[in-house]
Structure formats: C-alpha cells, structure tokens
Amino acid sequence: MLVLACAYAYGPGMALIVGSAFWLLAAQRNYSAIRAFTGGAALTTLLLGVWFLKYSDFGSYVVFHILFNQIAYAPFINFGPKTFLTSFVPSFHGEAFYPTLAHLLLAGSLALLFYRRPARNRIAILIGFAGVILLNARAATGFKDGQSLIIAFALTGMAFMGFFEQRQKTARTLPLNPLACSALMVLAFWGSSHLATNTPFGWTYRDSTHQPPYTLYQPLNDSISQKVRALVPPGKPILMLPYTPEFYWMADRRPPEGFYEYLPWDWVYAQHSIPGYPRDLCQSLLKSPPPLVVYTPETDPTSLTVRPFFACVKERLASLYRPVEGFPSLHVLRAR
C-alpha cells in the first residue's frame, strides 16, 4: 500500500508479486503467514488512511495524481504495448543500457531459480517476475527505471543462493561458494554505477565526483535575481514560464498558489477539469495575477511557447503586464 501511495502505476506489478507469494504460501498450506501478511497490509492501509485524513487533501491527490495523469498527461508520453515490447530489445547505448542490464539480470536469475524447482514453484516465479517487469510498464528511462534495476540485482543475489542450496543437496563441493558470489554481486553493482551517467548533464561517475560543490536551492545574486527581489517584496509570488521551477529558489520568491509551471497537459486538463478542482492558468491570471511574470521562451528546448496552448498566456502578458526595461524576460503587472 505504501508503494501504491507513491505511484499507482506500480499497482499491476505489485499485485502480481504479492500474488506469487500467496501462490507459494497456499501450496505450502501456510495460512498463518497469509493471515499475517493480509493483516499487515490492512494495518498499513489503515495507518495510511489516517495520515491522509490528517495531513493531506485526499481529493486533490486522486484528481491530480491519478485522474490528471490519465486524462491529460497520458496522451503526451510515449506509452503503449509497442513501447513496452521494444524496451526488451537489448541496447548498450545511453540510458537504454540500464533496462537492458536489468533484463539480463532477470533472465539469468530466472534460469537459476528454475533449477530443480517443482512446476508449481516455477509458475509462482514466473508470476513474480512478470510483476517485477511491470513495475516499469511505461518502459521509462532515467531515474524511473531504477526500481527495476535494484530489484533485478536483489533477485540475482537470491537466485544464486537458491541455486547453491539446490546444488548442495546433491553435490559435496560447490563451483562457487556464496561468499564469492556475494562479492561478485557487489562488484557488478559497483561497476554498473560507474558506467552510469548523470542526467540531464551526461556526466560520468568521475565527472560527477570532480564537480565543485554546488547547492541548487539557494538564492543567487545575479542581475536578474536581484532585479526580481527589488521589484517584488518578500511574501509576494512570481510566475516563471514556461518551466524553470528552480528559479523560485534562485530569486527567493514563491510561485503563485497551485502554479509553478505551465505545460501542455495543464492546458488539456483546464479544458476538461474535474468539478471542484480547477486548474486554469489563464483564468487565474485574470482573477489574481502575480505582480511579476518571468517569461523566457528561449530556454524552452521543446518550443512549448510557440504552440497553440500557450496563446492565452501570451495574451494575458500583453494585456496585463509590461516588460521591464533592461530585462526583456521580466514582465511587471500594470497599475490598475
């Protein structure tokens, strides 16, 4: 339940992983373990529900974390059966290296776990492995495939231990003892981490460790940040467009309530918003415009600002704001 609260997309994978455990426990008639597991899940759900009631807005969580993603965000991402299936094509270039590594580890551990296992156990193993693969159903790369890689390493270690256990039943000597196996796993994990690159900068492990210390979330004293602080008093919001959220820390000013960016899926949701949960930047600019808008279309690599959904924001800038002399990206609210 805690995993699902973090990302509902993990639901199918977690259901299969838990289902495989129940399959094995039922075969062993270990009903006490099933009851304990079910009781723990129920207690976790109860505690999570109490936490939501006390500290969160559950309605906004459902609308903007689940429904928003399905209604507005899904059409903009590369998601579908074809994407999922093509992610299994091996590739050692760029970010595709990491899912390939995870799939190779899973394939190897699957073979080890199948070694001298009864048919029912093999079915449970297949169900569990399908669940692990579905944890990254979007076939995403970057940090979003990390859970698959971590579990792949863990399963590989478990598979080696299971393989040695089965071998020990029939052989007096082992081809590779568990200690050596553990050392190899650690070396493999360490080695793969040094092959990783730090996105979006493309740094290697060595590049990252040789970078000078830098804290992103701190005010800066460059000319534009100083000008923003001079124009907007503390406690008043600014709006950064189209999408550079770290600028709020650099300028030491907060974003308007509910908005720190404006992206295509925000506009799509605004056209078909859930009653009681509006999110329309254009209407918000009419009702309660922030005293300053920072508009930097040249920093947008995907040219979001030239697309139709940004037209109304440009109209609001032209009618409600005026540019600041010497700082073309700053737009201050006109006196009413």
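What follows is a set of questions and answers about this predicted model.

Q: What makes cysteine 282 and cysteine 312 a disulfide?
A: Their sulfur atoms are 1.7 Å apart. The cut-off is a pair of cysteine sulfur atoms within 2.5 Å, so the pair qualifies. By this rule, the count for the model is one disulfide.

Q: Why is strand β4 described as largely enclosed?
A: Strand β4 covers residues 327-333, and five of its seven residues are buried, so the rest of the structure largely encloses it.

Q: How do you know that β4 pairs with strand β2 and with strand β3?
A: Pairing needs at least two bridges between the strands. Strand β2 (residues 292-295) and β4 have three bridges, in the antiparallel sense. Strand β3 (residues 321-324) and β4 are joined by four bridges and also run antiparallel. Both counts meet the cut-off, so both are pairs.

Q: Which residues stand opposite each other where β4 meets its partners?
A: Valine 293 faces histidine 331 in β4, and valine 294 faces leucine 330 in β4. Tyrosine 321 has leucine 333 in β4 as its bridge partner.

Q: What is found between β3 and β4 in their hairpin?
A: Two residues lie between the strands, and in this hairpin glycine 326 takes a positive phi near 85°.

Q: What makes β1 and β2 a pair, and in which sense do they run?
A: Strand β1 (residues 238-241) and β2 share four bridges in the parallel sense. At least two are needed, so they count as paired. In β2, tyrosine 295 is the bridge partner of leucine 241.

Q: Which way do the residues of β2 point?
A: Leu292 and Val294 point one way from β2, while Val293 and Tyr295 point the other way, and all are buried.

Q: Why is proline 99 called buried?
A: Its relative accessible area is 13%, and the limit is under 20%, so proline 99 counts as buried. Proline 99 lies in helix α6, whose buried residues include Phe97, Tyr98, Leu101 and Leu105. The C-alpha atoms of proline 99 and alanine 139 are separated by 8.1 Å, though the two are 40 residues apart along the chain.

Q: How many cavities of 30 Å³ or more are there?
A: The count is one. The largest cavity has a volume of about 120 Å³. It is lined by 13 residues, and Pro99, His103, Ile133, Asn136 and Ser148 are the closest to its centre. Helix α6 gives the largest share of that lining, four residues.

Q: What kinds of residues line the largest cavity?
A: Its lining divides into eight nonpolar, four polar and one charged.

Q: What makes up the lining of the second largest pocket?
A: This pocket holds about 770 Å³ of space and is lined by 24 residues, with Ala7, Tyr8, Ala9, Asn69 and Arg138 nearest its centre. Helix α4 (residues 58-73) gives the largest share, seven residues. The lining divides into 16 nonpolar, six polar and two charged residues.

How values were computed: Residues are numbered from 1 along each chain as its sequence is written. This is a predicted model: local features need pLDDT of at least 70, side-chain atom pairs count only at pLDDT 80 or more; totals for chains, interfaces and linings use all residues. Side-chain values use heavy atoms; hydrogens and water are left out. Buried means under 20% relative accessible area, exposed over 50%, partly exposed in between (1.4 Å probe, protein chains only). On a 1 Å grid over the protein atoms alone, a cavity is a set of points where a 1.4 Å probe fits but cannot get out, and a pocket is an open set with protein on both sides within 12 Å along at least five of seven lines; lining residues have an atom within 4 Å of a point. Grid points are joined across faces, edges and corners, and a volume is the space filled by probe spheres set on the points. Ala, Val, Leu, Ile, Met, Phe, Trp, Tyr, Cys and Pro count as nonpolar, Asp, Glu, Lys and Arg as charged, and the others, Gly among them, as polar.
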